[in-house]
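Open the model in your viewer and keep the selection tool ready. Each stop below gives something to select, then what is there.

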Amino acid sequence: MATDDLKKIKHEIPFSSPVQPVELALDDEIQFHCHKDIACFNACCKSIDIQITPYDILRLKRHLGMSSSEFVARYTTPFAMDFHNMPGLKMNTKPGTSECVFLTAEGCSVYQDRPAACRYYALGSMGVRKKDSATVEDIFFMVKENHCLGHEEPRTLTVRQYREEQGCDEYDEHNRAWRDVILKKRSSGPTVGAPSERSLQLFDMCSYDMDSFCEFIQTDGFDEVFDLDGQTKKSLLENEELLLQFAFRFLKQVLFGEMSIPVKEDAKDKRMARRSESQARMNANSGGSAPESGTEG
Ligand code: SF4
Ligand code: SF4
């Protein structure tokens, strides 16, 4: 039976949409096979609209041997995910085309580390929080586009088997807490108010720039506020997957006040003291409040 959410989604599906309005569970069967010898090989990569997730970036930046900020600058384009301008990223296309930047004559040049969206296709998935439920549930559906001949291939398998074959589980596991942040932000609605500019910047860093987040947790400012023991910090610095999960916990703490990272008791006092010192320095430099000191340089 369809959920309230799927019913709602069905109303929003345009008449000519390729999305099949049938909710699929993990053990439902689908008919689909994509392989190198199929006549439409790579057709789907020639007309892309791919949203990039945090774990996609970890995998792709390592594959390409570059930093996260370099990857984002070279291969993605920002877009606003909602009316509060929550930052999202889309995969770039080759100039003047809608073809993926990673498509070559031989196929996908980053295949082992291709994004979650590429692994799922032609299966679609979305996380929904049912009414009066605290948990987010995955629902699946098929996307049937005319150019894709995989639907006509004589192979059936369950949604679960297809996801295993494509490595979707691993990606979902690493991105789940991030998706929860987005859903929670979305379900809080416009009445809660727009996140501050600083919160949007933190969301951007925690989602798409693990290299900067790694530097951030090594700053004096971070140590002044958060109470992380040396071993925990060492593990985070050595393992980017752990660091990513920590970044999502940090986001939940900053955006929703979910206190999962211990905070130092004297953090507030120290911050206030630092602010006063810096204000005093600014006053002294502008010559406003301490001209009598008479010192130069
Ligand atoms: S990343 Fe690879 S699989 Fe995904 S759209 Fe680009 S070329 Fe196709
Ligand atoms: S079968 Fe579909 S998913 Fe596979 S290459 Fe063809 S268009 Fe792409």
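Start by colouring by confidence. The protein averages a pLDDT of 88, and 89% of the residues score at least 70; pLDDT is the predictor's confidence in each residue, from 0 to 100. This is a predicted model: local features need pLDDT of at least 70, side-chain atom pairs count only at pLDDT 80 or more, and totals for chains, interfaces and linings use all residues. Residues are numbered from 1 along each chain as its sequence is written, while chains are lettered from A and ligands numbered from 1 in the order in which they are written.

Now take residues 288-297. Here pLDDT stays under 50, with five contacts beyond four places in sequence. Where pLDDT is low, the predicted coordinates should not be read in detail.

Next, ligand 1. Around it are C45, I48, C100, F102, L103, C108, V110, R114, P115 and C118 (C-beta, placed from the backbone, within 6 Å of the ligand). Nine are nonpolar, none polar and one charged. Nonpolar means Ala, Val, Leu, Ile, Met, Phe, Trp, Tyr, Cys and Pro; charged means Asp, Glu, Lys and Arg; the others, Gly among them, are polar.

Move to ligand 2. Its shell has 13 residues, the closest being C34, C40, C44, C148 and G150. The classes are 10 nonpolar, three polar and no charged.

Select helices α2 (residues 54-64) and α3 (residues 68-75). Their axes come within 9 Å and cross at roughly 95° (lines fitted to C-alpha atoms over the stretch in contact, angles from 0 to 180 degrees between N-to-C directions). So α2 is roughly perpendicular to α3 (65 to 115 degrees). I57, L60, K61 and L64 of α2 meet S68, F71 and V72 of α3. Five of these contact residues are nonpolar, one is polar and one is charged.

Last stop: strands β6 (residues 123-129) and β7 (residues 136-142). They pair antiparallel over seven bridges (pairing needs at least two DSSP bridges). Helices (H or I, at least four residues) and strands (E, at least two) are DSSP runs, numbered from the N terminus. Click S125: its bridge partner in β7 is F140. Six residues lie between the strands of this hairpin, where D132 takes a positive phi near 65°.

Technical notes. Parallel < 35°, antiparallel > 145°, perpendicular 65-115°, else oblique. Contact = placed C-beta atoms within 7 Å.
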